[in-house]
Each structure stands twice: as C-alpha cells, then as structure tokens.
Amino acid sequence: MKRLGIIFVIVLVLSGVVWAADKSFQEMDKNKDGRLNMEEFDQEALRVFNENDKNHDGALNKSEFSQIKGAKSKFEDLDANKDGKVDMEELRNAAMNNFKELDRKRDNYLTEEDLKCSPRYNPEASPLYGIYF
Ligand SMILES: [Ca+2]
Ligand SMILES: [Ca+2]
Ligand SMILES: [Ca+2]
C-alpha cells in the first residue's frame, strides 16, 4: 500500500507539471482557425494569472510576478497605478497595446507569422509572453 501511495503522489506531481506547462500556439488556438484573437490570449493569461496569484488577492505582487518564468515585461512597467501590484486590468491594457502593435493586418488576429515579427518573440516560449506578462 505504501508503494502505491508513493506512485500516486509521483503521478500527481507529474500531471501538475504538465498542467502548469506553457501552452503552445496550437493549444491556445481554441477554435483552430490558425490565429489567436485577444480572447484566446485572455483565457490563457487568466489561467497563468490565477496560478501565480498565490495569496488570492486578485493581483500579482512583485514576488508572485517573478515566479512567471517566461515573463518579458517589467513589473514596474505593468503596474500602471504604481500600487505595487499588477491586476488583470493593467495586464490587459498592456496586452492590448502589444497585440495591436503586432496585428499588422489590423484584423484583430495574430498569426504565427505576426508573432515572429515581434522583437519579444521566443520560439521556445508560449506566445502568451510576447503579449501578456
Ligand atoms: Ca483562434
Ligand atoms: Ca496576489
Ligand atoms: Ca497596479
């Protein structure tokens, strides 16, 4: 029984790791149209946000933010009202700007090609991090 318990814990830990892993472009593209809209970014951003909001106060403080591995933005830049926390609204405002910047066709969608044009593009990381965080 003891061994079974240990295996159970290992499986739990491993599935946790997989679940927490960054979503790729294909996984974020929920409606499979080959492009990402703001809503698709938003869903994934909210997941990462909640996962890192360890004290559940609806905002990320500096230490919570620093746990987001792929984050490209500076905490200070995202904290628009300078209260030492970044909430979803601040993230969304910054994300909208990043999104618009990359949306060259102005159709409110980003393709993989659009994302590759970003100076923040990293083929290893989820596209989330060029837009959010
Ligand atoms: Ca899509
Ligand atoms: Ca928090
Ligand atoms: Ca703030």
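These legends describe close-up views of a predicted model.

**View 1. The largest nonpolar core.** This core holds 20 residues. Phe41, Ala45, Leu91, Ala95, Leu128 and Tyr132 touch the most other members. Two or more residues each come from helix H3 (38–52), strand S1 (59–61), helix H6 (88–102) and helix H8 (128–131). In soluble globular proteins, nonpolar side chains tend to be buried together.

**View 2. Ala45 and its contacts.** Ala45 is one of the buried residues of H3. Leaving aside neighbours within four places in sequence, Ala45 contacts Leu91, Ala95, Leu128 and Tyr132.

**View 3. Helix H3 from end to end.** H3 has 15 residues, which should span 21 Å at 1.5 Å a residue.

View 4. Glu40, Phe41, Glu44, Ala45, Val48 and Phe49 are buried. These residues lie on the same side of H3, because they cover an arc of only 165° around the axis. Helix H2 (25–28), S1, H6 and H8 are among the elements that cover them. The face turned away from the buried side carries Glu39 and Asn50, which are exposed.

**View 5. Glu64 in helix H4.** Glu64 sits in helix H4 (residues 62–65). With 19 other C-beta atoms within 10 Å, Glu64 is partly exposed; a buried residue needs 20 or more. Not counting residues up to four places away in sequence, Glu64 touches Asn52, Asp53 and Lys54. Phe49 of H3 is 15 residues from Glu64 in sequence, and their C-alpha atoms are 9.4 Å apart.

Note on methods: Residues are numbered from 1 along each chain as its sequence is written. Chains are lettered from A and ligands numbered from 1 in the order in which they are written. This is a predicted model: local features need pLDDT of at least 70, side-chain atom pairs count only at pLDDT 80 or more; totals for chains, interfaces and linings use all residues. A nonpolar core is a set of buried Ala, Val, Leu, Ile, Met, Phe, Trp, Tyr and Cys residues joined through C-beta atoms within 7 Å. A residue is buried if 20 or more other C-beta atoms lie within 10 Å of its own, exposed if 12 or fewer, and partly exposed in between; C-beta atoms are placed from the backbone. Helices (H or I, at least four residues) and strands (E, at least two) are DSSP runs, numbered from the N terminus. Two residues are in contact if their C-beta atoms, placed from the backbone, lie within 7 Å. The expected span of a helix is 1.5 Å times one less than its number of residues. The arc is that of the directions from the helix axis to the C-beta atoms.
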